[in-house]
Amino acid sequence: MSATGVQRNDGRVENRVENYTKFWHKDPTKEQEADNENRLDSYTEVVNGYYDGATELYEYGWSQSFHFSRFYKGEAFLASLARHEHYLAAQMNLRPGMRVLDVGCGVGGPAREIAQFSDAQIIGLNNNDFQIQRARKYTKKAGLENQVTFVKGDFMKLSEQFGENSFDAVYAIEATVHAPSWEGVYGEIFKVLKPGGVFGVYEWCMTDTWDPSIPEHKAIAHQIELGNGIPEMRPLRMAREALKTVGFQIEHEEDLASRPDPIPWYYPLEGDIFKAQTLWDYITVWRMSWSGQLVSHNAIRFMELLGFVPKGTYEVGESLKVAADSLVRSGQQKLFTPMYLVVSRKPSN
């Protein structure tokens with residue numbers, strides 16, 4: 001049971017999806033500080049409401065790995081996602097036998113990929129029952145259930161759940177942006193790491209170019225929040241400061257989105273099938289085109305009317321349109337990055 005309704009057999013909660021968009025004003029000029037504070041205080045409901053509605057849409061339109069990646073010319077979409085995951089694991093020097101925590105694991109796509117790449121033991125943490133059920137199903141199908149496991153938990157209370165000094169490594173891929181504060185979630189990660197343990201993160205941030213005093217910049221951050229289930233978008237410098245504040249030693253940092261790649265990270269969201277890198281990718285890119293969105297969103301409306309998906313799923317789908325548009329525009333203007341990479345270490349002493 002949740003404060004917002006009865007839990008379904010698949011783990012989703014009645015009314016939670018329907019209530020999701022009520023946490024925001026569609027007109028950013030009407031947003032007050034109290035609205036922002038309410039989202040931060042209710043971050044669990046905000047994030048779960050979003051993912052109860054968006055998870056199946058993500059899997060249909062994207063993949064089982066809910067994140068962005070860099071692209072080389074001719075590189076297939078799924079290959080790019082896997083390489084992005086491998087790159088993080090390599091930067092962290094994950095090795096066989098290490099006990100590794102995936103914070104905010106989604107349906108387990110990255111955990112399964114990194115487990116096969118590194119031979120590490122991965123524990124995926126998620127606060128959403130619907131995603132955990134799907135993660136376990138996909139992992140069993142892949143034959144990885146003895147190497148990759150999933151638990152329900154709040155990333156703001158890691159030390160309560162696991163105890164301090166429990167993991168050799170922790171990573172988070174585009175997940176900790178959902179936390180009410182970076183100091184809070186990074187501090188919990190610091191606690192559960194063993195001395196000398198490593199933390200790797202791909203963080204969502206507004207860049208140093210972003211200026212909230214500019215109405216257009218403030219509005220685009222608001223749209224990213226609404227479209228992606230994020231209580232509050234914050235600038236990159238705050239992520240760096242938070243890591244240092246809680247005690248991490250930063251060993252490597254780079255905004256991978258700032259590299260001069262000929263194919264931008266946001267290209268699949270543009271919906272331009274002529275930019276597809278492989279034949280199969282035409283389907284992925286088409287789903288984000290105007291015709292692809294028309295088909296999928298009408299199908300969602302029909303399924304919602306028949307009760308196949310929770311009420312409010314269509315509205316969450318509409319918010320994903322806002323997300324795609326705001327992410328493309330902010331990416332083009334270098335106002336936002338989904339791949340601020342930081343590898344940090346907990347001191348050994």
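Biologist: What volume does the largest pocket have?

Modeller: The largest pocket has a volume of about 430 Å³. Rolling a probe the size of a water molecule over the atoms shows where empty space is left. On a 1 Å grid over the protein atoms alone, a pocket is an open set of points where a 1.4 Å probe fits, with protein on both sides within 12 Å along at least five of seven lines. Its volume is the space filled by probe spheres set on the points, which are joined across faces, edges and corners. The model is predicted: local features need pLDDT of at least 70 and side-chain atom pairs pLDDT 80 or more, whereas totals for chains, interfaces and linings use all residues. Residues are numbered from 1 along each chain as its sequence is written, and side-chain values use heavy atoms, with hydrogens and water left out.

Biologist: Which helix gives the most to the lining of the largest pocket?

Modeller: Lining residues have an atom within 4 Å of a point. Helices are DSSP runs of H or I with at least four residues, strands are runs of E with at least two, and both are numbered from the N terminus. Here α9 gives the most, with six residues. Both α2 (33–41) and α9 (215–228) supply at least two residues each. The lining has 20 residues, and Glu 31, Asn 36, Arg 39, Lys 218 and Glu 225 lie nearest the centre of the pocket.

Biologist: How is the second largest pocket lined?

Modeller: This pocket holds about 220 Å³ of space. Its lining has 13 residues, with Gln 64, Ser 65, Gly 109, Arg 112 and Glu 113 nearest its centre. Helices α4 (77–92), α5 (109–118) and α6 (129–141) each supply at least two of the lining residues.

Biologist: How many aromatic pairs does the count come to?

Modeller: Rings of Phe, Tyr and Trp (its six-membered ring) pair if their centres lie within 6.5 Å; planes under 30 degrees apart count as stacked, over 60 as edge-to-face and the rest as tilted. By this rule there are 19 aromatic pairs. Trp 182 and Tyr 186 form a stacked pair, 6.4 Å centre to centre with 0° between the planes. These two residues are four apart in helix α8 (residues 182–192), so about one helical turn separates them.

Biologist: Is Trp 182 buried or exposed?

Modeller: Buried means under 20% relative accessible area, exposed over 50%, and partly exposed in between (1.4 Å probe, protein chains only). Trp 182 is buried at 1%, and Tyr 186 is buried at 0%.
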